[in-house]
Amino acid sequence: MPGISDTFAIPAGSSIAAVLKQAPLDPLENRILLMHALGLTRIQLITQDERVIDAQQAQQLSALFQRRLMGEPIAYIVGQREFYGLQLEVTPDVLIPRPETELLVDLALQHLPAADTRNTPSVLDLGTGSGAIAIAIAHSRPDLKVTALDVSAAALAVASRNAARHLTPGHSRLQLLQSSWYSALADQGFDVIVANPPYIVAGDSHLALGDLRFEPQDALTDHADGLSALRSIIDGAGRHLKDGGWLLMEHGYDQASAVRTLLQAQQFDAVQSWTDIAAIERVSGGRYKAP
């Protein structure tokens with residue numbers, strides 16, 4: 001990507017084809033910004049490539065390109081990101097959902113029991129942010145009861161709008177609560193607890209690079225050794241898991257061994273880690289054994 005000192009101004013009267021040819025970003029990002037600004041689909045962008053951009057549109061597009069050249073994430077510029085086949089609203093109040101986190105959804109769905117007349121399976125999502133994980137699970141399993149927590153009221157507002165967009169009355173029941181980890185919960189037990197907590201070590205150089213510069217820092221780093229939030233989740237899980245329930249957590253690329261050790265020190269068996277689309281151990285978890 002060009003440096004932050006670069007500028008790109010679109011002359012009024014340019015065609016879509018000309019802008020796509022001259023635009024300074026990755027071709028996919030060029031198309032995304034054009035579709036967003038002009039309200040076009042991918043097919044329309046192709047079939048209307050000789051369409052002329054007027055002065056107002058040229059000014060708007062130039063501003064969008066400049067924001068991206070300054071490093072702002074595409075997802076925040078267009079206000080959405082796809083996750084698990086769902087278009088989700090994202091704002092700077094929430095992390096941008098990433099493809100590797102879809103593994104956490106897959107694993108939750110695999111470890112949930114079937115519903116019957118006596119039992120409604122239940123899921124707890126800790127630190128829900130945009131609601132991506134909770135909503136993807138709820139959308140996939142209309143028979144579930146899903147509870148999603150976040151300490152940030154602004155994040156919960158985003159999650160609420162995403163839930164309203166994707167979960168109809170016929171889908172799972174989703175409850176959103178403002179809470180620091182388990183603090184707002186009673187002693188109810190869940191079949192599965194999922195979490196994508198802050199796990200980047202304080203002072204990690206990656207926090208000052210790329211998209212991470214713009215994302216909420218408290219959702220990225222625990223401001224400690226990268227394991228403090230994971231420890232809190234593991235330590236408190238026993239009070240909120242049914243016997244035989246599963247705790248599944250996303251973590252950093254080099255943290256799988258440490259997380260397995262933390263799980264094994266508590267009431268968990270079948271402790272293991274799973275690899276993401278890049279073959280990195282990205283999620284670790286275990287099955288809770290009531291004492």
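**Notes on a predicted model**

1. Strands first. β4 and β5 (residues 173–178) pair in the parallel sense, over six bridges. Within this pairing, Lys 145 stands opposite Arg 173 in β5. Keep in mind that this is a predicted model.

2. Now look at β4 and β3. These two strands also pair in the parallel sense, here over five bridges. Ser 122 stands opposite Lys 145 in β4.

3. Is β4 mostly covered or mostly open? Strand β4 spans residues 145–150, and five of its six residues are buried. The strand is mostly covered.

4. Turn to helix α10, residues 228–237. Its buried residues are Ala 229, Leu 230, Ile 233, Ile 234, Gly 236 and Ala 237. What covers them? The cover includes the strands β3 (122–126), β6 (190–195), β7 (241–250) and β8 (268–275). Helix α11 (256–264) is also part of the cover.

5. The structure holds four aromatic pairs. One of them joins Phe 83 and Tyr 84. Their ring centres are 6.4 Å apart, and the planes stand at 40 degrees, which makes the pair tilted. The two partners can be described by their accessibility. Phe 83 is buried, with a relative accessible area of 1%. Tyr 84 is partly exposed, at 25%.

6. Check the backbone at Tyr 84 too. Its phi is near 55 degrees, a positive value in a residue other than glycine. Most residues other than glycine have a negative phi. Where does Tyr 84 sit? Its place is in the loop between β1 (80–83) and β2 (86–89).

7. Is Ala 279 buried or exposed? Ala 279 counts as exposed, because its relative accessibility is 62% and the cut-off for exposed is over 50%.

8. How many salt bridges does the whole structure have? A search finds 11. Side chains of opposite charge can pair when their charged atoms come close. In one of these bridges, Arg 67 meets Glu 72, with the closest N and O atoms 2.7 Å apart. Arg 67 counts as partly exposed, at 33% relative accessibility. Glu 72 counts as buried, because its value is 16% and buried means under 20%.

9. Another salt bridge joins Arg 161 and Glu 89, and the closest N and O atoms are 2.7 Å apart. Arg 161 lies in helix α8 (residues 153–166) and Glu 89 in strand β2, so the pair ties together parts 72 residues apart in sequence. Arg 161 is partly exposed, at 43% relative accessibility.

10. Asp 269 and Arg 287 meet through their side chains in a salt bridge of 3.0 Å, N to O. This pair links distant parts of the chain: Asp 269 is in strand β8 and Arg 287 in strand β9, 18 residues apart. Arg 287 is partly exposed, with a relative accessible area of 33%.

11. Finish with a network. Which residues does it link? Salt bridges connect Glu 29, Arg 68 and Asp 211.

Note on methods: Residues are numbered from 1 along each chain as its sequence is written. This is a predicted model: local features need pLDDT of at least 70, side-chain atom pairs count only at pLDDT 80 or more; totals for chains, interfaces and linings use all residues. Side-chain values use heavy atoms; hydrogens and water are left out. Buried means under 20% relative accessible area, exposed over 50%, partly exposed in between (1.4 Å probe, protein chains only). Helices (H or I, at least four residues) and strands (E, at least two) are DSSP runs, numbered from the N terminus. Contact means heavy atoms within 4.5 Å. Two strands pair if DSSP finds at least two bridges between them. Rings of Phe, Tyr and Trp (its six-membered ring) pair if their centres lie within 6.5 Å; planes under 30 degrees apart count as stacked, over 60 as edge-to-face and the rest as tilted. A salt bridge is a side-chain nitrogen of Lys or Arg within 4 Å of a carboxyl oxygen of Asp or Glu.
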